[in-house]
Amino acid sequence: YRGTSTRFRAQAKACPYPGLVRLEVVDRSFRYRLNGVMSIDATIDPDGKVSGQVNEFTLAGQWTGNKIEGDITSEQCGLHFRAMQRH
């Protein structure tokens, strides 16, 4: 899955930067890289709900087979991402 992220909230300099997104789904899970040192391990439920958490960041979204879309939020930061399946 490849796509982009956009930032909708940045109240601290430490908020992750938006940009290109590359997700590799294996066994209904994937790793979302926030920055050079931190990643969120996310899981995909049977109903398509996507969730994960690391430190203060929460990932919540939806998987529809060919698309994964969601938000990564903390008290001070917010990213929206959308990635489409590539064959």
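This is a predicted model: local features need pLDDT of at least 70, side-chain atom pairs count only at pLDDT 80 or more; totals for chains, interfaces and linings use all residues.
Val25 touches Tyr1, Phe30, Ile44 and Ile68, leaving out residues up to four places away in sequence. A contact here means heavy atoms within 4.5 Å. Val25 sits in the loop between strand 2 and strand 3 (29-33). Strands are DSSP runs of E with at least two residues, helices are DSSP runs of H or I with at least four residues, and both are numbered from the N terminus. Val25 is partly exposed, with a relative accessible area of 29%. The classes work like this: buried means under 20% relative accessible area, exposed means over 50%, and partly exposed lies in between, with a 1.4 Å probe and protein chains only.

Residues are numbered from 1 along each chain as its sequence is written, and side-chain values use heavy atoms, with hydrogens and water left out.

Now step back to the whole chain. Which elements build the protein chain, from the N terminus on? The order is β-β-β-β-β-β-β-β. The protein chain has eight strands and zero helices. Its radius of gyration is 12 Å, close to the 12 Å that the globule rule gives for 87 residues, so the protein chain is as compact as a globular protein of that length. That radius is taken over C-alpha atoms, and the globule rule is 2.2 Å times the number of residues to the power 0.38. Along its principal axes, the C-alpha trace spans about 35 × 20 × 20 Å.

Next come the surface and the interior. Of the 87 residues in the protein chain, 36% are buried. The protein chain exposes about 5,600 Å². Carbon and sulfur atoms supply 47% of that area. Accessible areas come from the Shrake-Rupley method with a 1.4 Å probe, and for residues only the protein chains shown count as cover. Take the contacts between residues at least 6 apart in sequence: 34% of them join residues at least 24 apart.

The chain also carries charges. There are 12 positive and 9 negative ones, and their mean positions are 8 Å apart. Lys and Arg count as positive, Asp and Glu as negative, and His and the chain ends are not counted. Each charge is placed at NZ of Lys, CZ of Arg, CG of Asp or CD of Glu.

How many disulfides does a search of the whole structure find? The search finds one. A disulfide is a pair of cysteine sulfur atoms within 2.5 Å. Here the bond joins Cys15 to Cys77, with 2.0 Å from S to S. The pair links distant parts of the chain, 62 residues apart. Cys15 lies in the loop between strand 1 (2-10) and strand 2 (20-22), and Cys77 lies in strand 8 (residues 77-84). The torsion about the S-S bond is about -85 degrees, so the disulfide is left-handed. Both Cys15 and Cys77 are buried.

Two further buried residues touch each other. Ser5 is in strand 1 and has a relative accessible area of 7%, which makes it buried. Beyond four places in sequence, Ser5 touches Tyr17, Pro18, Gly19, Val21, Tyr32, Leu79, His80 and Phe81. Tyr32 is in strand 3. At 4% relative accessibility, Tyr32 is buried. Its contacts, neighbours within four places left aside, include Ser5, Val21, Leu79 and Phe81. Leu59 is another of its contacts, and the C-alpha atoms of Tyr32 and Leu59 are separated by 9.0 Å.

Leaving aside neighbours within four places, Arg33 is in contact with Met38 and Ser39.

Finally, look at the backbone. Most residues other than glycine have a negative phi. Arg28 has a positive phi, near 60 degrees. Arg28 lies in the loop between strand 2 and strand 3 and is partly exposed at 35%. Asn55 also has a positive phi, of about 50 degrees. Asn55 lies in the loop between strand 5 (49-54) and strand 6 (57-63) and is exposed, at 58%.
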